[in-house]
Amino acid sequence: MRQVAWRLLPFLMFCYFVSFLDRVNVGFAALQMVKALHMSPKVFGFGSGVFFVSYFVFEVPSNLLLEKVGARLWIARIMITWGFLAAGTAFVVGPGSFYAMRLLLGAAEAGFFPGVILYLTYWFPREYRARIVGMFTVAIPVSSFLGSPISAALLGVDGWLGLRGWQWMFIMEGAPAILLGVFCLFVLSDKPASAPWLADDQKAWLDGRLQSEEKREKRVGKIGVWSVLWNKYVLVLSITLAGSTAVSSGLQIWQPQIIKSYGLTNMQTGLLNSIPFALASVLMVLWGRRSDQTGERVWHTALPLFVTAASLASALVFKSLPALIVILCLAVIGIYAGKGPVWALSADWLSAGTAAAGLAQMNAISNLAGFGTTYVVGYIKQATGSYPWAILPLACLSGIGALAVLWISRGQPSARGLTQVEPVRASK
């Protein structure tokens, strides 16, 4: 298992780092682009959020194609396509082209995250999944921790070869995805049986372990694709994920502008913006490991969301810059700490035949909600002039997500192996 983790995780984490950076760097580009293209907060919020509309439409088909053609080829296709489009965002000239490019980028990236989550279930038994997913998704806060000062620095490359700083930022941060897409063809193997870097006895042990787990009872058994999409567990878990993913999207896009509103420079904004994500990068791994060690998933998902809800709501009361940074630290930690447990819980509840569609549907719905949060923050900010009021809906959504997972798991005994998993024991 250590050999599998070292082979796959660092590369996939780097891919996701680049993916998420290309998705949210528009928040830093806004520090120059909004003025250069004469965008209102409402227009910028809509354009940033429309990414999630096409992302939602193509998410499930993309994951089904990944299962059909193989993860190696499909993940490579996704990355190369989005790399070209992310770099192409440098050449938008107004609201119309901005909307179009964000729609295309959403369609290109659709399926990457749930595809990797599905891919990890091909390699890691359930007792490893919360920490493994936590380690993979640590790329999200790391992308903001490292990406914030990098993006701020690239904004300073203003006027070189006749391009503005925000244009260079899109180009320089989009190019790595293309290269990583090519590397996918050489680094990834579709399943353990096709991995030339594992010995035959290792393949046999891992395949046997994974196949034995598929015989356990699942909450969502073998049903058709359309039934999966409307299954109550899938839909409720989508709401829970929205309390994390959609809130994350809203904060990622608007947080740089919220911090800069205190009169800071671009670099000061970038450095302060990175602090919450640095803390979240560490704590989400530790929280996922604790979930695996105790075998508990539900409360490890709900408690971080309650922390996010309470912290964001407190922005109405505490409005100084130091207070804002503390609020953002707690909110971001809560957003990311529960990601490992909730995805591990989702994989536990879905059978092999429903995982591709189910995981994609959960991610699609939660990201579609990201369109709403991104737009609503801009709309309320333009209407009220207040960021604390603008982020209040994000607090409500996190609270609803926590209540949703507690509700759907009520009355289900952990002894059935549905809500909890066995604590980690010594393994190969």
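The legends below describe close-up views of a predicted model.

View 1. Aspartate 292 forms a salt bridge with arginine 131, with the closest N and O atoms 2.9 Å apart. The pair connects distant parts of the chain, since arginine 131 lies in helix 8 and aspartate 292 in helix 14 (residues 266–294), 161 residues apart. Aspartate 292 also forms a salt bridge with arginine 297, and here the closest N and O atoms are 2.9 Å apart. Through shared partners, the salt bridges join Arg131, Asp292 and Arg297 into one network. Aspartate 292 has a relative accessibility of 0% and therefore counts as buried. Arginine 297 is likewise buried, its relative accessible area being 0%. Arginine 131 has 19% relative accessibility and counts as buried, because the cut-off for burial is under 20%.

**View 2. The salt bridge between Arg209 and Glu127.** The structure holds three salt bridges. In the one shown here, arginine 209 pairs with glutamate 127, and the closest N and O atoms are 3.0 Å apart. Arginine 209 belongs to helix 11 (residues 200–213), whereas glutamate 127 sits in the loop between helix 7 (112–121) and helix 8 (129–137), so the pair ties together parts that are 82 residues apart in sequence. Glutamate 127 counts as buried, at 11% relative accessibility.

**View 3. The largest nonpolar core and the surroundings of Phe112.** The largest nonpolar core has 139 residues, of which Met33, Phe44, Phe112, Trp123 and Phe136 touch the most other members. Helix 13 (residues 232–260) gives the most to this core, contributing 13 residues. Phenylalanine 112 touches Cys15, Tyr16, Ser19, Ile75, Ile78, Met79, Trp82 and Phe136, when residues up to four places away in sequence are not counted.

**View 4. Helix 5 and its buried residues.** Helix 5 (residues 71–88) contains 18 residues. The distance from its first C-alpha to its last is 26 Å, close to the 26 Å expected at 1.5 Å a residue. The buried residues of helix 5 are Ala71, Trp74, Ile75, Ala76, Ile78, Met79, Trp82, Gly83, Leu85, Ala86, Ala87 and Gly88. In an α-helix there are 3.6 residues a turn, so residues three or four places apart point the same way. Among the buried residues of helix 5 are Ile75, Ile78, Met79 and Trp82, which are also among the residues that phenylalanine 112 touches.

**View 5. The nonpolar surface patch on helices 4 and 10.** Leu65, Val69, Leu73, Leu179, Val182, Phe183, Leu185 and Phe186 make a nonpolar surface patch of about 730 Å². Helix 4 (51–69) and helix 10 (165–187) are the elements that give two or more residues to the patch. The largest share, five residues, comes from helix 10. Leucine 185 is placed in helix 10 and is partly exposed, with a relative accessible area of 33%.

**View 6. The loop at His38.** Histidine 38 is found in the loop between helix 2 (26–36) and helix 3 (41–49). Although histidine 38 is not a glycine, its phi is positive, at about 60°. Histidine 38 counts as exposed, with 71% relative accessibility.

Terms used:
Residues are numbered from 1 along each chain as its sequence is written. This is a predicted model: local features need pLDDT of at least 70, side-chain atom pairs count only at pLDDT 80 or more; totals for chains, interfaces and linings use all residues. Side-chain values use heavy atoms; hydrogens and water are left out. Patches are made of residues with over 30% relative accessible area and no salt bridge: like charges are joined within 9 Å, nonpolar side chains (Val, Leu, Ile, Met, Phe, Trp, Tyr) within 5 Å. Accessible areas come from the Shrake-Rupley method with a 1.4 Å probe; for residues, only the protein chains shown count as cover. A salt bridge is a side-chain nitrogen of Lys or Arg within 4 Å of a carboxyl oxygen of Asp or Glu. Helices (H or I, at least four residues) and strands (E, at least two) are DSSP runs, numbered from the N terminus. Buried means under 20% relative accessible area, exposed over 50%, partly exposed in between (1.4 Å probe, protein chains only). A nonpolar core is a set of buried Ala, Val, Leu, Ile, Met, Phe, Trp, Tyr and Cys residues joined through side-chain atoms within 4.5 Å. Contact means heavy atoms within 4.5 Å. The expected span of a helix is 1.5 Å times one less than its number of residues.
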